[in-house]
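Here is a short note to read alongside the structure. Keep the view open and check each point as you go.

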Amino acid sequence: MVNVDNYRRIKDELGDRITLVAVSKTKPVADIKALYDLGQRDFGENYVQELVEKQPQLPADIRWHYIGHLQSNKVKYIAPFVHLIHGADSLKLLKEINKQAEKNNRIIDCLLQVHIAEEDTKHGSRDLEEFTGLNDAALDQIRVLGLMGMATFTEDMNKVRQEFHHLKTLFDQNRNLIPNKPFSVLSMGMSSDYKIAVEEGSTMVRIGSLLFGER
Ligand SMILES: *Cc1c(COP(=O)(O)O)cnc(C)c1O
């Protein structure tokens with residue numbers, strides 16, 4: 001069930017500057033359609049198979065964000081339609097995205113995932129060093145728009161804030177990593193911490209349970 005009140009309140013809080021990605025993983029297409037009918041167009045999914053099953057059942061103008069961990073051998077399934085891949089965590093994966101984008105005759109937008117949390121279970125590069133070869137790799141079919149990160153799962157909101165602050169610092173410091181294409185997207189913040197993320201400079205939040213209920 002979609003929580004319409006939360007949706008309206010969050011849209012209001014975010015205004016026009018911050019993009020809301022509604023995270024619909026494990027939720028039925030009827031729930032996605034309900035939010036779509038309220039005007040929502042950006043939706044996020046974590047699992048390739050689930051996304052590939054849902055996409056054809058829903059309106060074609062939905063912008064699908066892939067926010068999960070992406071394996072190189074699965075890129076081909078989402079390459080024809082994905083709007084933004086948030087979790088690019090290696091140069092190898094970016095090369096595969098570039099290859100599949102070329103096959104589909106399109107440009108695919110990506111965010112580099114940064115590991116800001118203390119848990120090892122989370123993915124991403126700690127310091128972006130992984131991506132130093134990016135410019136020489138001549139990946140013409142992808143556009144790197146910015147960074148994405150997830151804070152530690154904790155009640156300690158000071159820690160969460162510090163981690164988001166660190167990510168914003170990396171975002172600012174590496175803004176010109178790609179010559180002539182300054183970073184414009186900083187994807188950080190989920191249901192439990194999006195307000196802090198916004199205070200720390202997020203431009204895109206990924207919210208699931210507040211909109212669709214607990215999973
Ligand atoms: C599930 C998920 C979210 C949304 O989490 P909620 O706590 O339900 O808002 C955001 N980002 C990523 C990467 C996720 O996997």
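1. Start with a caution. This model is predicted. Every distance below is computed from its atoms.

2. Find the ligand. The space it takes is the largest pocket. There are 13 residues around the ligand. K25, N46, S191, S209 and R215 come nearest.

3. Look at what kinds of residue form the shell around the ligand. Six are nonpolar, four are polar and three are charged.

4. In the side chain of S191, an N or O atom lies 2.5 Å from an oxygen atom of the ligand. K25 also reaches a ligand oxygen, with a polar side-chain atom 2.7 Å away. R206 faces a nitrogen atom of the ligand instead: the distance from an N or O atom of its side chain is 2.9 Å.

5. How much of the ligand does the protein bury? Taken alone, the ligand exposes 390 Å². The protein buries 91% of that area.

6. Turn to charge pairs within the protein. Side chains of opposite charge can pair when their charged atoms come close. The structure holds 16 salt bridges. One of them joins R9 to E13, with the closest N and O atoms 3.0 Å apart.

7. R9 and E13 both belong to helix α1, residues 4–14. They are four residues apart, so about one helical turn separates them.

Terms used: Residues numbered from 1 in each chain as written. Predicted model: local features only at pLDDT ≥ 70, side-chain atom pairs only at ≥ 80, totals over all residues. Heavy atoms only, no water. Near = heavy atom within 4 Å. Polar contact = N/O pair within 3.5 Å; in protein donor to acceptor, adjacent residues only side chain to side chain. Areas by Shrake-Rupley, 256 points an atom, 1.4 Å probe, with all protein chains shown as cover. 1 Å grid on protein atoms, 1.4 Å probe; cavity = no way out; pocket = protein on both sides within 12 Å on 5 of 7 lines; lining within 4 Å. Sits in = over half its atoms within 2 Å of the grid points. Nonpolar A, V, L, I, M, F, W, Y, C, P; charged D, E, K, R; others polar. Salt bridge = Lys/Arg side-chain N within 4 Å of Asp/Glu carboxyl O. Helix = DSSP H or I, 4+ residues; strand = E, 2+ residues; numbered from the N terminus.
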